[in-house]
Amino acid sequence: MMEDIIAELPDLLPAIWLTIKLTVIASVIGLLFAIPLSIFSLSKNKMIRLPIEAFSYFFRGTPLLVQIYLIYFGLGQFEAVRNSGWLWDNVLTDAYKCALIAFTLNTCAYTIEIFKGALKHTPKGEIEAGIAFGMNKFTLFRRIIFPSGFRRALPAYSNEVIFMLHGTAQASVLTLVDILGWARKVYSITYSPFIPFLIAAIVYLILTFALVAIFRYCERRWLSYLKPTF
């Protein structure tokens, strides 16, 4: 049994790399979409705000696994999708791209709410100070509200990235060999679930600790002004 597990260890590195790629790419793209959407979600115009809220509620209110199934298996039942040409041939039939789309949309929805709350609760004193310096609305947002909100959102956003790392384990349902997919593969060979899944758990722990270290460094650098001075 151990010989079989050792023989499969070289395949663990590509699995780890796939997990890292899914986590980083989904988190970065989700963040890039979430920042402007979180700003628009604060609009008083319902035509702008309600579609964003509906998107956020749907992807936060349904399981990630269901979203993966809907994108990879569900969209193919529509003839218009199957006849879409490039979109169907190169995206929606590719397990990796479908998983990436699902992860990106899911993390984007959660990140919208994180930044929305951070921007909405900007201390009034900071805004009043900017107005006192004669800043217009755009300058006030660019120089005061957004930088302040981004720094406050960082601790909550770090948790979302960690959740996204754990969520990528569901990519294995699309036959992608990520960390969990590797453990399932070894289990199917050895019929011994404990050791391969223990190895997967240890790898996830190491990656999680690495993310925690990265975000703690960022927090120390960008949130140092919030530390007590005594």
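**A close look at lysine 185 and its surroundings**

Tutor: Let's start with a charged pair: the side chains of aspartate 11 and lysine 185 form a salt bridge, with N and O 3.2 Å apart. The pair links distant parts of the chain, since aspartate 11 sits in the loop between α1 and α2 (12–40) and lysine 185 in helix α10, 174 residues apart. By salt bridge I mean a side-chain nitrogen of Lys or Arg within 4 Å of a carboxyl oxygen of Asp or Glu. Helices (H or I, at least four residues) and strands (E, at least two) are DSSP runs, numbered from the N terminus.

A word on where all this comes from: it's a predicted model, so local features need pLDDT of at least 70 and side-chain atom pairs count only at pLDDT 80 or more, while totals for chains, interfaces and linings use all residues. Residues are numbered from 1 along each chain as its sequence is written, and side-chain values use heavy atoms, leaving out hydrogens and water.

Put together, Glu8, Asp11 and Lys185 are linked in a network of salt bridges. Side chains of opposite charge can pair when their charged atoms come close.

Glutamate 8 is buried, at 13%, whereas lysine 185 is partly exposed at 32% and aspartate 11 is partly exposed at 33%.

A search of the whole structure turns up five salt bridges. Another one joins lysine 116 and glutamate 53, whose closest N and O atoms are 3.7 Å apart. Lysine 116 is in helix α7 (residues 95–120) and glutamate 53 in helix α3 (residues 46–61), so here parts 63 residues apart in sequence are tied together. Both ends are buried: lysine 116 has a relative accessible area of 16% and glutamate 53 one of 17%.

Helix α7 also holds phenylalanine 115, which is buried with a relative accessible area of 2%. Leaving aside neighbours within four places in sequence, phenylalanine 115 is in contact (heavy atoms within 4.5 Å) with Leu31, Ser38, Phe150, Ala153 and Tyr157. Over in helix α9 (residues 137–167) there's serine 158, buried at 8% relative accessibility. Serine 158 touches Phe215 and Glu219, not counting residues up to four places away in sequence.

Now return to helix α10 and check the loops on either side. Threonine 175, in the loop between α9 and α10, has a positive phi of about 70° although it isn't a glycine. Tyrosine 191, in the loop between α10 and α11, also has a positive phi, near 60°. Most residues other than glycine have a negative phi, and most peptide bonds are trans. Threonine 175 is exposed, with a relative accessible area of 68%, and tyrosine 191 counts as exposed at 68% too.

Move on into helix α11 (residues 194–222) and you reach isoleucine 206, exposed at 53% relative accessibility. Together with Phe194, Leu198 and Ile202, Ile206 forms a nonpolar surface patch with about 410 Å² of accessible area. Patches are built from residues with over 30% relative accessible area and no salt bridge, joining like charges within 9 Å and nonpolar side chains (Val, Leu, Ile, Met, Phe, Trp, Tyr) within 5 Å. The areas come from the Shrake-Rupley method with a 1.4 Å probe, and for residues only the protein chains shown count as cover.

Finally, zoom out. The chain has 11 helices and zero strands, and its C-alpha trace spans about 70 × 55 × 25 Å along the principal axes. Of its 230 residues, 40% are buried. Among contacts between residues at least 6 apart in sequence, 75% join residues at least 24 apart. The accessible surface comes to about 13400 Å², with 69% of that belonging to carbon and sulfur atoms.

How values were computed. Buried < 20%, exposed > 50% of the residue type's maximum accessible area, 1.4 Å probe, protein only.
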